Amino acid sequence: MGLRPCHYPHIVENWPDQVDWFEIISENYMVDGGKPLHFLDRIRSRYPMVMHGVSMSIGSTDPLDMGYLARLKQLAEHVQPAWVSDHLCWSSTGKHSVHDLLPLPYTRETISHVVDRVKRVQEFLGRRILLENVSSYMAFKHSEMPEWEFLTEIAERADCMILLDVNNIYVSSFNHKFDPMTYINWVPKNRVGQFHLAGHSDHGTYLLDTHDHHVKDKVWELYVEALKRFGPISTLIEWDDHIPEFEDLMKEVARAKTQYQHYVDQTQSNADRDAGHTVAAHHST
Amino acid sequence: MQATLWQLITAPENVTDAPVFVEGDPELPAVERVNIYANMYFFRILDCLKEDFPSLVKILGDREFHNLIVQYLQVYPPTHFSLRYVGQHLSEFLKGRGELADLAQFEWAQIEAFDAADAQVLTHEDLQKIPADDWPEMKLQLHPSCQLLHVHYNVHEICPNIQTQETYLRIWRQNLNVYHAAISADEFAALKAIQSGACFADVCAQVDDAHQVMTWLSGWISQGLLVQ
């Protein structure tokens, strides 16, 4: 689950064992001290963590913000996360921040631009990063390919991983009228390192990725399809607004865990079966 | 393309013409699609600033605070990667608007104190270990979270209302919580001297009654205002 300040007291009083790991918003801990770092350290000492950023602006036409990357690297050295992720988008231009995740035109030129930047970021951080597909409300006339081809080619050429946000696929599929299964089926199996699930709002003519609701049924259905294709991939429930009590959020996490566990068991039984075949084959020779 | 979208998304008025490169359809025309981003930009920042400046919102009311932020963002659009800094120029922007500027300065000081660097606080025992002969040359150090404000309104007492009053405040963090206290002009001068690196003898020279400094010193230590 995502580590949010409103849950700090519950976590440090109860140290809940149902939580396997926490995801932090990197920027919230790029501070000098006080409460954020205090709770980060206490909670990190008991749980694995991953870092999820919102400000890398990997698709911006501005130069890479080396000050930001230095701070990110410093935090990663402190937290020692299992992995570091950000978004395939732009969030700043002309030295101004939009504080939002804006889509890119899906062109060959953009791919080259982003691939070069991802490689430089990975070299600087000394680790592979994961890039997340964003929810979008806007597309560009000069795009040359669908989003899933764009994302895949960047991941392959930059040799980075993908954080596949299942809710974002669903939201964008509604807003841009494509079949979400085409997306799921296109993304290469070996590139996906994490799933995100979240709630969205229905505005009639478009869906808005608000992270303030339960995960919708259609997204749960798509999650099952993603598990079928990619196997049991670490999954996070994102909830950033109108955040429920810890125990209520755990119910949502438990629902994802049940689905996830089904595919862990299935993967295990497939592995056992394959191992059995191997043994059987060995005896027969 | 990004510069064009930036202009549209951050403009104070609604987007009326979408750029030619944005795709639209009859159900959701291009202009409405760009407007979704424009609204998200403004309201995300507005919500953040409402949290950072709750007293300013209370004084102005929601509508006037909203209008203030529309104007503020035209002059000070966000430049930092973190939303945490989006309100850093609000007090400067309100300069000339009396108590509003002072109140914004006070609320911003609390944000600065909240996540300033940690430091090992000075204890009474630490102080006792310092030989008496070394006291005049001793240099005390304020906790990195400590902010000293001299304002012209009693911004720390917004109920029932803010009035013109020379006010000296110290804002600091102790045990993760942010506190503030109204102090005398003399205590303010003493703390300012410490902040500028003055030795203890010079700190005492700032005030009429040097013995008073010893009383303050005890309080500063108990409240975690000084560091080793």
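Two strands pair if DSSP finds at least two bridges between them. Strands (E, at least two residues) and helices (H or I, at least four) are DSSP runs, numbered from the N terminus. The model is predicted: local features need pLDDT of at least 70, side-chain atom pairs count only at pLDDT 80 or more, and totals for chains, interfaces and linings use all residues. Residues are numbered from 1 along each chain as its sequence is written, and chains are lettered from A, with ligands numbered from 1, in the order in which they are written.

## Chain A overall

Chain A has nine helices and eleven strands. Its radius of gyration is 20 Å, close to the 19 Å that the globule rule gives for 285 residues, so chain A is as compact as a globular protein of that length. The radius is taken over C-alpha atoms; the rule is 2.2 Å times the number of residues to the power 0.38. Along the principal axes, the C-alpha atoms of chain A fill a box of roughly 70 × 50 × 45 Å.

Buried residues make up 40% of the 285 residues in chain A. A residue is buried if 20 or more other C-beta atoms lie within 10 Å of its own, exposed if 12 or fewer, and partly exposed in between, with C-beta atoms placed from the backbone. Of the contacts in chain A with a separation of 6 or more, 78% join residues 24 or more positions apart. Two residues are in contact if their C-beta atoms, placed from the backbone, lie within 7 Å.

## The open sheet of chain A

Seven strands of chain A form an open sheet with parallel pairing, in the order β1-β2-β3-β6-β7-β8-β11. The edge strands are β1 and β11 (235–238) of chain A, and each pairs on one side only. The twist averages 30 degrees from one strand to the next. Axes here are lines fitted to C-alpha atoms, for helices over the stretch in contact, and angles run from 0 to 180 degrees between N-to-C directions.

| Strand pair | Sense | Bridges | Residues opposite each other |
|---|---|---|---|
| β3(A) and β6(A) | parallel | four | A:Val84 and A:Ile129 |
| β7(A) and β8(A) | parallel | four | A:Leu164 and A:Phe195 |

Strand β7 (residues 161–165) of chain A has four of its five residues buried, so it is largely enclosed by the rest of the structure. β6(A), helix α5 (residues 147–158) of chain A and β7(A) make a right-handed β-α-β unit. Right-handed means that, with the strands pointing away from the viewer, the path from the first strand over the helix to the second runs clockwise.

## Helix α6 of chain A

Helix α6 (residues 166–176) of chain A is mostly covered, with nine of its eleven residues buried. Among them are A:Val166, A:Ile169, A:Tyr170 and A:Val171. The buried residues of α6(A) pack against α5, β7, α7 (180–186), β8, β10 (207–208) and α8 (217–230) of chain A. A:Lys177 follows α6(A) and has a positive phi, near 55 degrees.

## A positive phi in a loop of chain A

A:Trp15 is not a glycine, yet has a positive phi of about 40 degrees. It lies in the loop between α1 (8–14) and β1 (22–25) of chain A. A:Trp15 counts as exposed, with 12 C-beta neighbours inside 10 Å.

## Antiparallel strands in chain B

Strand β2 (residues 147–153) of chain B runs antiparallel to strand β3 (residues 164–174) of chain B, joined by six bridges. B:Gln147 stands opposite B:Ile171 in β3(B). β3(B) also pairs with strand β4 (residues 177–183) of chain B in the antiparallel sense, over seven bridges. There, B:Leu169 stands opposite B:Ala182 in β4(B).

β3(B) and β4(B) form a hairpin with two residues between them, and B:Asn175 in the turn has a positive phi of about 50 degrees. B:Leu176, in the loop between β3 and β4 of chain B, has a positive phi of about 75 degrees although it is not a glycine. B:Leu176 is partly exposed, with 13 other C-beta atoms within 10 Å.

## Where the chains touch

The contact takes 33 residues from chain A and 33 residues from chain B. On the chain A side, α2 (35–44), β4 (90–93) and β5 (96–102) each supply at least two residues. The largest share, six residues, comes from β5(A). The chain A side divides into 13 nonpolar, 13 polar and seven charged residues. Here Ala, Val, Leu, Ile, Met, Phe, Trp, Tyr, Cys and Pro count as nonpolar, Asp, Glu, Lys and Arg as charged, and the others, Gly among them, as polar.
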